[in-house]
Amino acid sequence: SSSSTSPAMEGAAQQPPPEDSSGLQDSLPQDSLEASAASKKDPGQPEDAPFENVDKELLIACWQNEKYAPELLPFAKIVVENISEVGEFVSEDLDQDQREGVDVQDPYYRMRVVDLERMQYVLRDYLRIRIWKISQWPQHYLEESHRGLLSKAELDFLQNFWSLKSQFFHQRLLEVLPPPCQDLDKKVDMREMVPRPKLEKYVYVKALANTEVTKLPPEFVPDTVEDSVASQMTLVQGETYLLR
């Protein structure tokens, strides 16, 4: 994507999202997202200063974090709603220009169209990734402790999805099994049937500040005792790391 200000999203913010207090994550807490999205202009700026759409950068940060996180992250409700409203406004404005006879091959018009399509793709892909995750582990995210991560539409979708899927399982197989074997959420010898996200996966982390972290030893220690001792390492600001 271009680093210059996009015509469709007037005056898009050029600075990266604010630093997270942990100094490790690209993502912002939900309250920080909402606070940033709520205030569109710096109070110190003059009234005629260009409008800065911070939601564009916030959406890209949410999209990237959702893509690389092994589990579902909290839904960025305010950012999604704001970007959707801006997209509808820009789309209507482009349609109005076309009805008024604006040349659709005009470079400025084409740049606005391309920028709108780019933001619509990021928004759709963000929602598509979230739907894929909850479809992979429906029972996990239907638990009360995880429902807060979902939007209302996602929760409605997941409830209907799991209701149909469980009915399919019962009609095709489970109803002919003994009653004790028909449960889909049973624990057997400390092993549960509910599939869950693999939280031990490696993830990419960009340090937003110099941060000291503890480097744990591997589970298998071949030779020396020193290999099994935890050590400290520094994540340098601006660098990207592959961590678990």
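**Close-up views of a predicted model**

**View 1. Helix α2 is largely enclosed by the rest of the structure, because eleven of its 15 residues are buried.** The model shown here and in the other views is predicted. Helix α2 covers residues 54-68 and reaches 22 Å from its first C-alpha to its last, close to the 21 Å expected at 1.5 Å a residue. Among the buried residues of α2 are Leu58, Leu59, Ile60, Trp63 and Glu66.

**View 2. Glu66, Arg130, Lys133 and Glu154 are linked in a network of salt bridges.** Arg130 pairs with Glu66, with 3.0 Å between the closest N and O atoms. This pair links distant parts of the chain, 64 residues apart: Arg130 is in helix α4 (residues 107-136) and Glu66 in helix α2. Glu66 also forms a salt bridge with Lys133 (2.9 Å, N to O). Lys133 lies in helix α4 and Glu66 in helix α2, so this pair ties together parts that are 67 residues apart in sequence. Arg130 and Glu66 are buried, and Lys133 is buried as well.

**View 3. Arg112 and Asp93 meet through their side chains in a salt bridge (2.5 Å, N to O).** Arg112 is in helix α4 and Asp93 in helix α3, 19 residues apart. Arg112 counts as buried, at 8% relative accessibility, whereas Asp93 is partly exposed at 30%.

**View 4. A patch of negative charge on the surface gathers Glu81, Glu85, Glu88, Glu92 and Asp95.** Glu85 lies in helix α3, residues 77-99. Its relative accessibility is 53%, so Glu85 counts as exposed.

**View 5. Tyr68, Tyr202, Tyr204 and Leu242 form a nonpolar surface patch.** Together they have about 510 Å² of accessible area. Tyr204, in strand β3 (residues 203-206), is exposed, with a relative accessible area of 56%.

Methods:
Residues numbered from 1 in each chain as written. Predicted model: local features only at pLDDT ≥ 70, side-chain atom pairs only at ≥ 80, totals over all residues. Heavy atoms only, no water. Patch = residues over 30% accessible without salt bridge, like charges linked within 9 Å, V, L, I, M, F, W, Y side chains within 5 Å. Areas by Shrake-Rupley, 256 points an atom, 1.4 Å probe, with all protein chains shown as cover. Salt bridge = Lys/Arg side-chain N within 4 Å of Asp/Glu carboxyl O. Lys, Arg positive; Asp, Glu negative; His and termini not counted. Charge placed at Lys NZ, Arg CZ, Asp CG, Glu CD. Helix = DSSP H or I, 4+ residues; strand = E, 2+ residues; numbered from the N terminus. Buried < 20%, exposed > 50% of the residue type's maximum accessible area, 1.4 Å probe, protein only. Expected span 1.5 Å × (residues − 1).
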